Amino acid sequence: MENDIDYILEQANQLLAIDSPSGFTSEVVKYLVSEYQRLGYDPVVTEKGSVLVELGGEGDPIVLSGHVDTLGAMVAEIKNNGRLRISPVGGLNANNTETENCRIYTYDHKVYTGTIQLTDASIHVNGEYNKTERTFQTVELLLDEPVFSKEDVKKLGIMNGNYVCVDPRTVITPSGYIKSRFLDDKLSTAIMLGYARYLKEEQVKLPRKVYEFVTVFEEVGHGGASSIPADAAEFLSIDMGCVGEGLECTEHQVSICVKDASGPSHYKSVSGLVEAAQRESIDFATDVYVYYSSDADMALKAGHELRHSLIGPGVYASHGYERSHVDGVKNTFLLLKAYIG
């Protein structure tokens, strides 16, 4: 078990270190394909860029789905003073981008660094600093280059549409807390890799057919809408569990989503997950997510006929500087093993 968790944490670190906002995921996909192949599988990259892997088994096929696309931004305007206005990709929030270091990728494969700051960010100069609402009109990107005009910036090869990738700042503490941007959903994708490795290492004979499906457009709402195997009967999103006021889940548990913004999860799937967790004494919580949707929802909205649900380790401060715990990872991994058999 400890070897499984060590491997999952190693993979989480590897995935988190690769910049991959929605639409800019080719490098992380290359890494996933290489790792699945190293484990002994034959991954397929779809036209849209997702990764589909058949793990084995026969009958009642289930798709385990995570995603490796993250929040990010694009250059939306090069200002006359050489600063950049950025536009969010996915649910990136201006309130928690301020003072973040980032990388800018040009179309000719150059990479520049910079920092996102409030416009006129010196508190000794700006008397309205505390009163200014943080939006993508009031924050800007300062390049770590001697640029003082639009022309200076363009000479670097930077133009509108270049991706802006925020530093994840990944830390795993001695007490087991996992802190990073983009745990949603690279932590759960690492758990999926851990499950695939466990099957090979233990030579597990699966009681049903299992696919793993890693999507690359979840954060913009259409990751799970296509490329689902035609024989799939069930779709289980392995994503983050929500932690916050009014919810039971903690960072130490696996969350079972019973209802999200799109409606209830399939009762057969939820009751099966709860029964498996109780049978194996797994620490879990069931919760209603009011402001959440997943690839499972997108699959159903696209017209796929599937039972569906969602599980994942509890994650606090979603879409910001997120935090989970090794216990939540363990409980999610154990629930996957218990539910599938």
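Helix α4 has 19 residues and spans 26 Å from its first C-alpha to its last, close to the 27 Å expected at 1.5 Å a residue; the expected span is 1.5 Å times one less than the number of residues. Helices here are DSSP runs (H or I, at least four residues), numbered from the N terminus. The model is predicted: local features need pLDDT of at least 70, side-chain atom pairs count only at pLDDT 80 or more, and totals for chains, interfaces and linings use all residues. Residues are numbered from 1 along each chain as its sequence is written, and side-chain values use heavy atoms, leaving out hydrogens and water.

**Helix α4**
- Of the 19 residues in α4, 17 are buried, so the helix is mostly covered; buried means under 20% relative accessible area, with a 1.4 Å probe and protein chains only.

**Helix α7**
- With 15 residues, α7 reaches 22 Å between its first and last C-alpha, close to the 21 Å expected at 1.5 Å a residue.
- Helix α7 is mostly covered, with 11 of its 15 residues buried.
- Among the buried residues of α7 are Val326, Asn331, Phe333 and Tyr339.
- Gly341 follows α7 and has a positive phi near 105 degrees.

**α4 against α7**
- Two packed helices are described by the angle between their axes and the distance between the axes.
- The axes of α4 (residues 183–201) and α7 come within 10 Å and cross at roughly 50 degrees; axes are lines fitted to C-alpha atoms over the stretch in contact, and angles run from 0 to 180 degrees between N-to-C directions.
- Leu187, Ile191, Gly194, Tyr195 and Tyr198 of α4 meet Val329, Thr332, Phe333, Leu336, Lys337 and Ile340 of α7, where contact means heavy atoms within 4.5 Å.
- By class, this contact of α4 with α7 holds 8 nonpolar, 2 polar and 1 charged residues.

**α5 against α7**
- Helix α5 (residues 267–279) packs on α7 (residues 326–340) at about 110 degrees, with the axes 9 Å apart.
- That angle makes α5 roughly perpendicular to α7.
- On the α5 side, the contact includes Ser269, Gly272 and Leu273, and on the α7 side it is made by Leu335, Ala338 and Tyr339.
- The contact of α5 with α7 has 6 nonpolar, 2 polar and 1 charged residues.

Note on methods
Helices (H or I, at least four residues) and strands (E, at least two) are DSSP runs, numbered from the N terminus. Angles under 35 degrees count as roughly parallel, over 145 as roughly antiparallel, 65 to 115 as roughly perpendicular and the rest as oblique. Ala, Val, Leu, Ile, Met, Phe, Trp, Tyr, Cys and Pro count as nonpolar, Asp, Glu, Lys and Arg as charged, and the others, Gly among them, as polar. Buried means under 20% relative accessible area, exposed over 50%, partly exposed in between (1.4 Å probe, protein chains only).
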